[in-house]
Amino acid sequence: RVLGQPDYSFPKLKVSPVGRVYHPLVGDIEVVGMTVPQLEKKLTTDFSEYVIDPKVSVALEEAQSAKIGVLGEVKSPTILVMSRPLTIIEAINSSGGFLETANRSEVVLMRQSGDGRLEKRVVNVKNYIEGKVGPEENITLRAGDTIVVNGNMRKKMAAVANSLGFVRF
């Protein structure tokens, strides 16, 4: 959308299989590998040749190729295809939710940075669920992200002890 320019705004555009969209004013635009903010910046620059001080906004409504992994102490570890933006909690819920032995306080988000390095971020999902932190802890995922839900050793030991018939005092 281009603010104040209905002739140049489109409610939806489809990305071609080769990663391009077509706009009648600026032609073919390669969007493959770009984030929404990067695309907004590029389109603002492209439109500024034809429109005075363009205000461009872009929203991703549906994705077909973006995949994320959810591994570890969830009921159904899986690779999810993101057809819409997903948060960490939505992805965990889509994988069946936490197992009893899950460590909800130290969920690991692994993400590849722009320079190719693997970044690890520990997220305290338990605090988010309990309302102790703001929505920034429920991070929106990107294609290629992997969520690892580690186990809580104390809970695992208790589960083993219960299965062996030991009584807790």
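**The salt bridges**

Modeller: Lys42 is partly exposed, with a relative accessible area of 29%, and in this predicted model its salt-bridge partner is Asp46, the closest N and O atoms of the two being 3.1 Å apart. Asp46, by contrast, counts as buried, because its relative accessibility is 18% and the cut-off for buried is under 20%. Both residues of this pair belong to helix α1, which spans residues 36-47, and they are 4 residues apart, about one turn of the helix.

Another pair joins Asp145 to Arg111, with 2.6 Å between the closest N and O atoms. Asp145 and Arg111 are both buried.

Glu30 and Arg20 make a further salt bridge, in which the closest N and O atoms are 3.5 Å apart. Here too the pair links distant parts of the chain, with Glu30 in strand β2 (residues 27-30) and Arg20 in strand β1 (residues 20-23), 10 residues apart. Glu30 is partly exposed at a relative accessible area of 42%, and Arg20 is likewise partly exposed, with a value of 30%.

These pairs are among the 5 salt bridges that the structure holds. As a general point, side chains of opposite charge can pair when their charged atoms come close.

Key: Residues are numbered from 1 along each chain as its sequence is written. This is a predicted model: local features need pLDDT of at least 70, side-chain atom pairs count only at pLDDT 80 or more; totals for chains, interfaces and linings use all residues. Side-chain values use heavy atoms; hydrogens and water are left out. A salt bridge is a side-chain nitrogen of Lys or Arg within 4 Å of a carboxyl oxygen of Asp or Glu. Helices (H or I, at least four residues) and strands (E, at least two) are DSSP runs, numbered from the N terminus. Buried means under 20% relative accessible area, exposed over 50%, partly exposed in between (1.4 Å probe, protein chains only).
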